[in-house]
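The following note sets out some points on the structure shown below.

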Amino acid sequence: MIAEKFNYEAPTTIKEAIQLLHEHGDEAKILAGGHSLIPMMKLRFAAPTCLIDINNIEGLSYVKEEDGFLKIGALTRESDLEHSDLVRDKYHIFGDATKLIADPQVRNFGTIGGNLAHGDAANDHPAVMIALGAEVEIENVEGSRSVSIDEFFYGFYMTAVQHGEILTEIKIPAPAGRFGSAYHKAERKVGDYATAGVAVAIELDADGTCTKAGIGLTNVNPLPMRAERSEAALVGTKLSEEDIANAALYASEDCSPSDDLRGDEDYKRHLVKVITKRMIHRALGRIK
Amino acid sequence: MKKTITLKVNGTEHTVDVEPRTLLIHLVREILSLTGSHIGCDTSSCGACTILVDGKSAKSCTLLAVQANGKEITTVEGLATAEGLHPIQEGFHLNHALHCGFCTPGMMMRAIELLEHNPNPTEEEIRWGIAGNLCRCTGYNNIVKAIQWTAAKMNGSELPSTEPEFV
């Protein structure tokens, strides 16, 4: 299958890329990993008149701890995150998520920035970033601005990244207390979107009281969703079985899954309940 | 408007003019006439089009040819040398790891990167590692055996038996 015709630009700086976005108008699209965009173009669901390939811009691919944040460059590939020692030792949630995203070849190209900027509630990083309380750095002609992940997703394929802007970095505040995290999605086969997915990040103080809880849900709501009632049910508790069961129940009640080929609404709510419970336990098991 | 790109394929440099919408697999198969890499699903699911781009396994039906500008590409045609088959080719041959052969070039290219990252993979790691490659003959058991055999061969350790198992 061949996409409709388009112009192709390969800038080497962010400034140049932003300028090209302005020159080419609304129908220009950023090409990062391209593993969501190119299939859509081949199927002619998308027909941008210009692709602005940002892969030749240096310095957008990194995973590092700096100024109290874990910083992930927008062009960091899923496979880079999968093989990062820093992530493997400290942020287990990314190991869980990347292993379940598409397949190894797709992960060699797909980027973390693209996974968010695509604005699809079926993608996995949105829920992970919600659980981790991430901030998203966006650059435009005037400079850069930071948007909380809770204000990032607007609608289907719509995010806070406006025309003429580029997502450049994801910033995750370093946990203050003892920290554990986990992600799982139920999928029908490798490379499928989640039937339901749950991301959990938990912080405990010295005596085991939960000081912070982040719970994000994948593909069971029109937008990537924070399970606020579930988080509130955990914070301040010692995370008894009952507290965890309540959190899981609230997540299953508060999401809005729709019936589709992956399952009906009741089944998906049940999955959310089961996976939430398991991921809270898995995150706790990882707290040293 | 066509773009001029230069890339190295199996060690040979090529300069070609392509439309931006030309897919890398079409450049490889139709312009460079290297038809070893196949087009299966054309939707980045099956892995038949897997080639190496700067050493990374890639689904070339989901990359634009212009994205390969300045890159080094390896396809199945680039594996064998004057000395003989690449160990992965030998492994697939000796372990009967192909039925119809359609998935084989993509499987082998994927396995090469897998073994580079993980020279001693477990069976589970191999199965996860080739999760993006479908074998329509469902010949996965022998494909896994072939990759295990190749790992042993490349590590210089004792070679597993290539006798077929009857179960």
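1. Domain bounds here come from an automatic or database domain assignment. The model is predicted: local features need pLDDT of at least 70 and side-chain atom pairs count only at pLDDT 80 or more, while totals for chains, interfaces and linings use all residues. Residues are numbered from 1 along each chain as its sequence is written, and chains are lettered from A and ligands numbered from 1 in the order in which they are written.

2. Chain B is assigned domain 1 (3–77) and domain 2 (87–155). Their C-alpha centres are 21 Å apart. Domain 1 of chain B contributes 15 residues to the contact and domain 2 of chain B contributes 12; two residues are in contact if their C-beta atoms, placed from the backbone, lie within 7 Å.

3. On the side of domain 1 of chain B that touches domain 2 of chain B, β3 (50–53) and β4 (56–59) of chain B supply at least two residues each. The largest share, 3 residues, is that of β3(B). Helices (H or I, at least four residues) and strands (E, at least two) are DSSP runs, numbered from the N terminus.

4. Chain A holds an open sheet of 5 strands in the order β4-β5-β10-β6-β7, with antiparallel pairing. Two strands pair if DSSP finds at least two bridges between them. The edge strands, β4 (63–66) and β7 (143–148) of chain A, each pair on one side only.

5. Within chain A, strands β6 (residues 135–140) and β10 (residues 166–173) run antiparallel and are joined by 5 bridges. A:E135 has A:K171 in β10(A) as its bridge partner.
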